[in-house]
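Please look through the sequence and the structure below, and keep both at hand while reading the report that follows.

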Amino acid sequence: TAGMAKDMPFNPTKPNEHGHENALSPLRGATSPSATREALASTPSEKNQTAKYGDAAQPGVNAAGGSLNRVRADSAERMLTTNQGVTISDNQNSLKAGLRGPALLKDFILREKLTHFDHERIPERVVHARGSGAHGYFECYEPLTQYTRASIFAEKGKITPVFVRFSTVAGERGSKDTARDVRGFAVKFYTDEGNWDLVGNNMPVFFIQDAMKFPDLVHAVKPEPHHAMPQAASAHDTYWDFVSLMPESTHMLMWQMSDRAIPRSFRMMQGFGVHTFRFVNEAGESVFVKFHWDPKLGTHSLTWDEAVKISGADPDFNRRDLWEAIDAGEYPEWELGVQIFTEEEAEKYSFDVLDSTKIVPEELVPVQPVGRMVLNRNPDNFFAETEQVAFCAAHVVPGVDFSNDPLLAGRIHSYIDTQITRLGGPNFHELPINAPLAQVHNNQRDGMHRQAIHRGRVSYEPNSLGGGCPFQAGTAGFVSFPEPVQQDEVRGKPEKFAEHYNQARLFYESQTEFEQQHIADAFRFELSKVTVAAVRERVVSMLRNASEELAGKVAEGLGMPMPDAMPKALENPPAPEVNQSPRLSLMARPGDGGIRTRKVAIMIAPGTDGATAWAIANTLQAQGAVVRFVGPRIGPLATSDGDQIDADASLENQPAVLFDGVVLPDGAEAITMLSADGRAREFLQDQYRHCKTILALGGAAQLLSRSGIDVEAGQDPGLIVAAGDATEATQQFIQALAKHRHFERETQPPNV
Ligand code: HDD
């Protein structure tokens with residue numbers, strides 16, 4: 001089948017398969033003559049699909065990109081059938097003995113439909129239940145063969161298809177997107193030597209050092225077992241009880257309480273492989289490696305008050321953002337970077353590289369860019385792709401191997417194990433989204449839902465009846481790195497694992513002032529939800545070991561005296577190599593300076609200066625911003641020049657928190673009306689309070705004043721009040737919008 005045209009149907013004898021020529025011409029009884037296949041495949045992400053990847057795909061064994069076409073079902077102009085392919089004449093009425101008579105047991109159509117429906121749900125993931133996925137590709141910049149034989153890094157320009165799933169950790173499948181939480185960043189590379197899953201997070205460290213503690217951590221953070229509250233939140237007693245008894249979590253808590261836990265977009269967050277892994281080259285030589293994903297759009301976050309309000313206004317905020325960007329052809333992109341160091345170098349560090357609560361500071365080992373990842377296609381079906389995808393930390397390929405990180409060791413076991421329950425048996429690797437591009441040949445057989453039809457009578461090795469096939473690959477296959485082992489079996493940890501605070505301090509000290517304030521605010525908020533005073537005290541006593549300043553702020557915010565510092569496990573901790581690492585601040589990655597995909601509200605009402613509103617909308621759109629006219633209600637509104645503008649959103653259905661900036665055009669009548677509308681004033685107060693960019697033209701300044709915003713304050717680059725020419729003011733607005741936020745504006749407590 002190699003070389004088969006990629007549009008060829010998987011099975012030409014099944015005319016309802018995607019891609020078959022007959023699919024274009026209606027069959028008898030077509031019900032939807034206007035729905036052509038072309039129309040169904042008209043989103044930019046879909047048109048783009050085959051150009052980038054999937055070309056080398058082999059029908060039947062293939063998982064990614066275009067090759068998924070073999071399973072993409074498309075019902076345009078098709079008759080309704082049962083699962084056995086029998087056409088159904090009436091999908092409205094069950095079979096009854098007379099019009100008012102009882103329903104009949106022999107109604108196999110009703111029974112099949114209900115039975116299937118009754119089993120539509122599968123268990124959700126025990127963690128990372130809520131997620132969003134997308135297809136794309138990875139492109140290698142330069143060969144990395146000096147360090148690794150992994151085929152995806154073999155050549156400059158080499159393309160490997162990927163599927164990525166972003167997730168929150170604690171919340172259930174239907175929970176809100178904007179919880180304060182870690183985000184999963186799981187990448188499945190469909191390499192030509194098998195699947196490699198880099199199952200990471202948007203934070204480079206973890207709460208615990210040993211997988212033995214993972215179930216405890218998750219039980220502590222999940223809703224409390226007696227009343228199943230709170231949903232998707234760590235602000236409760238059991239979580240803080242656990243972490244305050246686990247001082248190794250201090251560093252991760254700094255990250256989790258930072259703005260990184262409330263990303264503006266999945267497209268605007270970093271990703272990390274967390275553990276130290278190994279690269280192994282053709283000669284069998286190995287170096288340690290850490291993986292970093294850097295977003296092209298820069299790293300941007302929400303404010304806490306905004307995150308809370310978004311969870312009501314649009315619980316799907318991050319999911320929608322990812323979907324809409326890809327659908328609009330604004331493909332999110334990340335650069336993959338690696339930190340490479342040798343075992344000998346690692347031994348000299350003040351921390352242990354096998355400890356997942358530690359980073360390797362970039363000042364010690366710089367991050368080298370090695371490739372880029374672009375996500376350019378939305379899934380066709382959430383369940384089949386995003387829900388059924390099964391990542392596994394144990395899925396590595398020749399050239400990538402594990403370190404002895406004890407947290408990683410547990411993960412190597414846990415992922416396949418959990419999928420056996422979640423996906424109902426051991427054959428989930430055959431689900432189209434999980435199947436590798438590389439062919440699969442082994443003697444594993446049978447099990448629930450087996451798809452492959454294995455031929456012949458040999459299912460063992462060695463064999464002679466099957467000509468010895470499939471045969472061992474020898475050194476061409478995956479060879480585990482021969483790490484020497486000389487020690488006694490023990491339950492314990494190396495000494496450096498007992499140092500818990502140096503990097504927590506490093507993280508805090510490397511933040512800008514307002515980021516530090518947000519960390520203090522987050523600790524204060526979370527701990528104020530803790531009802532047991534002793535738990536709050538224990539957290540603050542732990543924080544004293546990382547930063548007296550932070551501990552002091554938190555204690556003050558909670559109205560409690562400073563407790564004694566928690567006793568340290570190590571009397572004389574090793575001195576850290578680095579005390580400042582500016583790259584740890586979100587401000588280190590401002591993005592490309594553009595405004596593409598930023599959402600802007602132009603607030604209008606009857607009597608708005610329509611010509612200016614349109615001119616600004618056009619200018620912003622030309623630069624890639626997403627503009628909405630937001631009115632007191634949706635639908636047409638008369639403008640001051642006798643024309644009209646269709647409001648495509650209302651103050652009620654798209655409140656301020658869903659926008660990155662707002663424009664207030666002039667127009668006396670409109671401003672009077674909006675000034676009297678509490679929703680408009682609240683909209684502006686939120687925009688201001690969340691440090692977003694605001695442009696007020698002419699008389700609109702009054703609307704700001706009526707909303708309690710001091711327009712005279714000056715010195716605020718994000719608040720542009722212009723009396724005359726809108727053109728120049730619009731340019732100022734664009735520059736300010738590209739900065740994302742104007743935290744200079746923040747006061748404690750908020751003044752608006
Ligand atoms: Fe995990 C899911 C990331 C530690 C056990 N984990 C899961 C997902 C991500 C991570 C991104 C969701 C994958 C998806 O989208 O389907 N997990 C991490 C990271 C960790 C980590 C970065 C620390 C460095 N995890 C960890 C440990 C264990 C697990 C120590 C168990 C010993 N993780 C699981 C799991 C999940 C999971 C229970 C739930 C659903 C799944 O695997 O497929 O097996």
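Predicted model: local features only at pLDDT ≥ 70, side-chain atom pairs only at ≥ 80, totals over all residues.

## Annotated binding site

In the unreviewed UniProt entry, the residues listed under "binding site" are Arg125, Arg165, Phe214, Arg411, Tyr415 and Arg422.

Arg125 is found in the loop that runs between helix H4 (108–118) and strand E1 (131–140). Arg125 counts as buried because 21 C-beta neighbours lie inside 10 Å, where the cut-off for a buried residue is 20 or more.

Arg165, in turn, belongs to strand E2, which covers residues 159–168. Arg165 has 24 C-beta neighbours inside 10 Å and therefore also counts as buried. When residues up to four places away in sequence are left out, Arg165 touches Gly131, Ser132, Gly133, Gly184, Ala186, Thr386, Val389 and Phe391.

## Packing of helices H5 and H6

Helix H5, made of residues 214–221, packs against helix H6, made of residues 237–244, at an angle of about 145°, and the two axes are 7 Å apart. On the H5 side the contact is formed by Asp216, Leu217, Ala220 and Val221, which meet Thr238, Tyr239, Asp241 and Phe242 in H6.

## Division into domains

The chain is divided into domain 1 (131–243 + 268–430), domain 2 (499–588) and domain 3 (599–745). Between the C-alpha centres of domain 2 and domain 3 there is a distance of 39 Å.

Methods:
Residues numbered from 1 in each chain as written. Axes fitted to C-alpha atoms, helices over the stretch in contact; angles between N-to-C directions. Helix = DSSP H or I, 4+ residues; strand = E, 2+ residues; numbered from the N terminus. Contact = placed C-beta atoms within 7 Å. UniProt positions renumbered as here; feature names shortened; annotations may be inferred. Buried ≥ 20, exposed ≤ 12 C-beta atoms within 10 Å, placed from the backbone. Domains from an automatic or database assignment.
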